[in-house]
Amino acid sequence: MKTSLPLLLACGAAQAAPGEPPIGKHQAEIDAIVREISPQRIQGYIEKLVSFGTRHTMSDTESPTRGIGAARRWIKSELERCGAGKLDVQFDSHLHPVATRLSKPTEIVNVVATLPGTQPASKDRIYVVSGHYDSRVTDVMNFTADAPGANDDGSGTAAVIEMACVMAKHRFDATLVFMTVAAEEQGLFGSGDWAQKAKAKQLNIAGMLNNDIIGSSHDEHGKQDATQVRLFAEGVPPVRETTPELRTLITTGGENDSITRQLARHIKDTGERYVDGFKVNIIYRRDRYLRGGDHSPFLDAGYAAVRFTEPHEDFNHQHQDLRTENGKKIGDLPEYVDPAYIAQVARVNAASLASLALAPAVPQEVKVRTAALDNGTELVWKANAEPDLAGYRIVWRDTTSPLWQGAQYVGNVTTFRLDQSKDNVLFGVQAVDKDGNVSPAVYPVPAR
Ligand SMILES: [Zn+2]
């Protein structure tokens, strides 16, 4: 089959091919999930988290009302209550030895709620969404002072609880893991342990979304911007030794097509479609300067992982002892978070997760034939196994463009030829199901 294409369509939709699924249309089920995300419940979760006084990783674990132990027991019971019969909720713990930011051996406990996938061909494919429920004040070793952590990271924790409770009422082909982790502030010990165990078990984590400091739409000068969120997405990983896969990516100009960047494009496309007037601002970085987050251990384990963070941080309301200076309140207090804004970020997460977990897996062994000098492009890939697969879509963009500019649905085939030159544009191949759910794109590597 040979098709000529208009070069670089404005927004992705070529004329519909026969049997083309409704790609890019709103799906009623995802709309329903997005609508159900509740700012009121998110506010209630944050107030409850703050009520434990401190959630420092080394704080009290025995008290029923104060400290990290009470906090995690409440998170677990809340998830068990709202997800009864649907979510499998577990403590995932390990004993961490003394470390630079840990003055005593400490049991690090993540609360992990799993919504198992319902399609046999997809249930081993996992998407993880996380927030960290531990908190801190100015001195990272101070585990007794009040550390409300409303924004950092009560906001992400509340968003994860809300998503788990709303999404548990729905069914997805792939598995969703809603995780609230501990010891982010002490060195990413909760997420790090989980990511390493996932890698050792060779779990197919197809994407990880970290929500950390998604609570405020105001910056330190009081300027408000509730219309966007930052999405940090790494390109080439900072590995000590280049792997053959990475070398291929770089030598063919694919450094902006890492699995994490492809995930970020998918989230931006889906999130902005389902959350009206809200912008997902992809940042080409692992994280902000001087900062890190729970997506990092997943990146280091070779998984696609991104971080959501509010657009303008107010450092007076993060990692601070509660006090008043020059008439100004300092500290991470609930009055400085905006539940309506958090709900918008949660909606972007939920729409993306739903879309990913309903869609087929990314196509495997995607290649571009380069055996002969030729001004066209021939792409080949391996057939997917999902029973609801409709076919494949090829997307493309200028080599200098961050986002896909053109797309063509090509049906249920495993090879396709385009007249556009592989030398001039970047291509990707996506798998599509019968409802129009699209996988992230896969960068084709050269096949000789
Ligand atoms: Zn944080």
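This note goes through a predicted model, point by point.

1. For reference, the ideal angle for four tetrahedral donors is 109.5 degrees.

2. His-132 and Asp-212 link distant parts of the chain, 80 residues apart. His-132 belongs to strand E4. Asp-212 sits in the loop between strand E6 (204-211) and strand E7 (228-233). Is His-132 buried or exposed? His-132 is buried, with a relative accessible area of 0%. Asp-212 is buried too, at 2% relative accessibility.

3. The bond from Asp-152 to Asp-153 is cis, with omega near 0 degrees. Asp-153 is in the loop between strand E4 (125-132) and helix H4 (154-167).

4. **Helix H4.** The 14 residues of H4 should span 20 Å at 1.5 Å a residue. The end C-alpha atoms of H4 are 20 Å apart, so the two values agree. How many of the residues of H4 are buried? The count is 14 of the 14, so H4 is largely enclosed by the rest of the structure.

5. **The eight-stranded sheet.** An open sheet of 8 strands runs in the order E2-E3-E5-E4-E6-E9-E7-E8, with mixed pairing. Strand E2 (88-96) and strand E8 (279-283) stand at the edges. Each has a single partner strand, so one side of each is left without a neighbour in the sheet. Neighbouring strands are turned by 25 degrees against each other on average, direction ignored. Within the sheet, E4 and E6 run parallel and are joined by 6 bridges. Ser-130 stands opposite Asn-210 in E6.

6. **A helix across that sheet.** Helix H6 (residues 189-200) lies across E2, strand E3 (106-115), E4, E5 and E6. H6 runs at about 105 degrees to E2.

7. **The three-stranded sheet.** Here 3 strands form an open sheet in the order E15-E14-E17, and the pairing is antiparallel. Which strands are at the edges? They are strand E15 (406-411) and strand E17 (425-433), each pairing on one side only. The twist averages 25 degrees from one strand to the next. Strand E14 (residues 389-398) pairs with E17 over 9 bridges, in the antiparallel sense. The bridge partner of Tyr-392 is Ala-431 in E17.

8. **Pairing around E13.** E12 and strand E13 (residues 377-382) run antiparallel, joined by 3 bridges. Val-368 stands opposite Leu-379 in E13. E13 also pairs with strand E16 (residues 415-418), in the antiparallel sense and over 4 bridges. In that pairing, Thr-377 stands opposite Leu-418 in E16.

9. **Positive phi angles.** Two residues deserve a check. Ala-183 has a positive phi of about 60 degrees although it is not a glycine. Ala-183 lies in the loop between strand E5 (175-181) and helix H5 (184-187). Glu-365 also has a positive phi, near 50 degrees, and is a residue other than glycine. Glu-365 is in strand E12 (residues 364-369).

10. **Gly-69.** Gly-69 is found in helix H3 (residues 68-82). Gly-69 counts as buried, at 0% relative accessibility. Which residues does Gly-69 touch, not counting those up to four places away in sequence? The contacts are Asp-60 and Thr-61. Gly-69 and Pro-39 are 30 residues apart in sequence. In space they are 26 Å apart, C-alpha to C-alpha.

Key. Residues are numbered from 1 along each chain as its sequence is written. This is a predicted model: local features need pLDDT of at least 70, side-chain atom pairs count only at pLDDT 80 or more; totals for chains, interfaces and linings use all residues. Side-chain values use heavy atoms; hydrogens and water are left out. Helices (H or I, at least four residues) and strands (E, at least two) are DSSP runs, numbered from the N terminus. The expected span of a helix is 1.5 Å times one less than its number of residues. Buried means under 20% relative accessible area, exposed over 50%, partly exposed in between (1.4 Å probe, protein chains only). Two strands pair if DSSP finds at least two bridges between them. Axes are lines fitted to C-alpha atoms, for helices over the stretch in contact, and angles run from 0 to 180 degrees between N-to-C directions. Contact means heavy atoms within 4.5 Å.
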